[in-house]
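Welcome, and thanks for taking a look at this one with us. Please have the model open as you read.

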Amino acid sequence: MSHTVPSPDQHPDVETLSALVDGELDAPTAHEVEGHLRTCRGCDEVRDGLLALRQGLDALGDPPNEDVGSSPSSPEPSPPERPRRRARRRGLVAALGGAAAAAVTFGLLVGPERPDEEPRRATSDSETLRFVVRDHREYAGRTEKLTRRTADPSTLSRWLRAEASIPFEVPKLEGAQLLGGRPCTILGRSLALVFYRYEGTWLSLYGIPVEGGESAEELMAGLPSGCVRARDDLSACAWQERDAVVALLGARPPEELRRLLARSGLRTPDGS
Amino acid sequence: MDPETFRELSARHLQALLRFARTLCESPADAEDLVQETYARALDRAPELRDEHALRAWLLRVTYTTFVDLHRQTRARSHVVPVRSDEEMRSILRRAGRPSGQEAHLEARELMEAVAALPEHQRVPLWLTGVEGCSYAEAARICDCAVGTIRSRVARARAEVALRVAGPDTGDEDVEGA
């Protein structure tokens, strides 16, 4: 998607700044707009406002608590079920079966999202994680998005370095099939996006090279430490390599991704 | 997608559908009805779905189209949407970026109420992109409109939410520098 790039004395419009905070601008436009923001306090404040809103909204997708468990149209807590609802819900229980039916029957509608799992820290407060989750959803399963198709990690690593100047060693994940990868830009920085097929699902691995003057710890601040449930069916694992920070996303439980990484000789901060 | 796979995979998205349904419906009870109807329809149409990775966006789309079908007669159509200039939106959003004193972050309840007050055509794109993490392209597919429309509606929705959260202009804005 192309956007109008502002000249140095022009302010980008609100639509453009809104698309910027959503990561929806193409890389050259984002670069230009970010350059303008460094010199324009007014636009930077507009961006701050948009960011504050976006972060607040993002938190609404976290597990319900007293504040967010109710309807936006009806801020009061959900009322007790009415007989009509129970009658209709049986239809849903029958239709879904299994876990979903149990969830509905036992009140997951208004209760904790996944009470039996680890706390989902590093979700709403993680800008980077939010971007990679959305990125994964956009690309998962779409082989046409593979700029370089290869099953060989070394080949892909060489290609990323030569074609996109991204120094990242693509790891081999034991039991997962490397499909290929592409360079991408998230929050204004270039990184490697690598895709694997694993147990019938699509895994996205983000390799973020550590650049001069920054530390891996700074990059990790935007990602979960270890393996966590990222959002709904997606789990995310992040860890540090010598010259990069790596994040893996996929629609598998966090424990399974942790085991996959352990089998591959990769250790997350919470790996055993 | 066969029904058994659908049942297994769709269960993971139940909370997202409920959240979305609650942004659409007047009451939690209506939202639960909507999700039930959505799952019933989706189960019927599951064989049409080839790509399981697209399931979440597909379910959100089924939720929205089901809502439109069920509430075609009762959806509010007289919502007056102020047409704000870019300058006006900038002024509102700048205030939202400067929380005053005790408010270091935007309160969830306040945000929910502000989002609920939006007209549907702004509320839905904002919710899909801001809360459910959909890309603009996904939101456009769900809402059956152009990506540019989503981009515009999200920006305008944010300005309206900011106005409710940050309050009206007090006229003490600084002059912007280039």
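The report below goes through chain B first and then turns to some cysteines of chain A.

## Chain B overall

Please keep in mind that this is a predicted model. Chain B has nine helices and zero strands, so its pattern along the sequence reads α-α-α-α-α-α-α-α-α. Of the 178 residues in chain B, 55% are buried.

Among the contacts in chain B with a separation of 6 or more, 71% are between residues 24 or more positions apart.

## Helix 3 and B:Leu34

Helix 3 of chain B covers residues 28–45. Its 18 residues should span 26 Å at 1.5 Å a residue, and the end C-alpha atoms are 25 Å apart, which agrees. The buried residues of helix 3 of chain B include B:Ala31, B:Leu34, B:Val35, B:Thr38, B:Tyr39 and B:Leu43. Charged residues are on that list too: B:Glu32 and B:Asp33 are among the buried ones.

Leaving aside neighbours within four places in sequence, B:Leu34 is in contact with B:Ala21, B:Leu24, B:Cys25, B:Thr63, B:Thr66, B:Phe67 and B:Leu70. B:His71 is 37 residues from B:Leu34 in sequence, while their C-alpha atoms are 9.9 Å apart in space.

B:Glu138 sits in helix 8 of chain B, residues 136–143.

Beyond its neighbours within four places in sequence, B:Glu138 is in contact with A:Arg137 and A:Glu138 of chain A, and with B:Ala57 and B:Gly133 of chain B.

## Cysteines of chain A

Over all chains, the count comes to one disulfide. This disulfide joins A:Cys227 to A:Cys237, with an S to S distance of 2.2 Å. A:Cys227 lies in strand 5 and A:Cys237 in strand 6 of chain A, ten residues apart. The torsion about their S-S bond is about 115°, so the disulfide is right-handed. A:Cys227 is buried at 0% relative accessible area, and A:Cys237 is buried at 0% as well.

A:Cys40 is buried, with a relative accessible area of 0%, and A:Cys184 is buried with 10%.

Key
Residues are numbered from 1 along each chain as its sequence is written. Chains are lettered from A and ligands numbered from 1 in the order in which they are written. This is a predicted model: local features need pLDDT of at least 70, side-chain atom pairs count only at pLDDT 80 or more; totals for chains, interfaces and linings use all residues. Side-chain values use heavy atoms; hydrogens and water are left out. Helices (H or I, at least four residues) and strands (E, at least two) are DSSP runs, numbered from the N terminus. Contact means heavy atoms within 4.5 Å. Buried means under 20% relative accessible area, exposed over 50%, partly exposed in between (1.4 Å probe, protein chains only). The expected span of a helix is 1.5 Å times one less than its number of residues. A disulfide is a pair of cysteine sulfur atoms within 2.5 Å.
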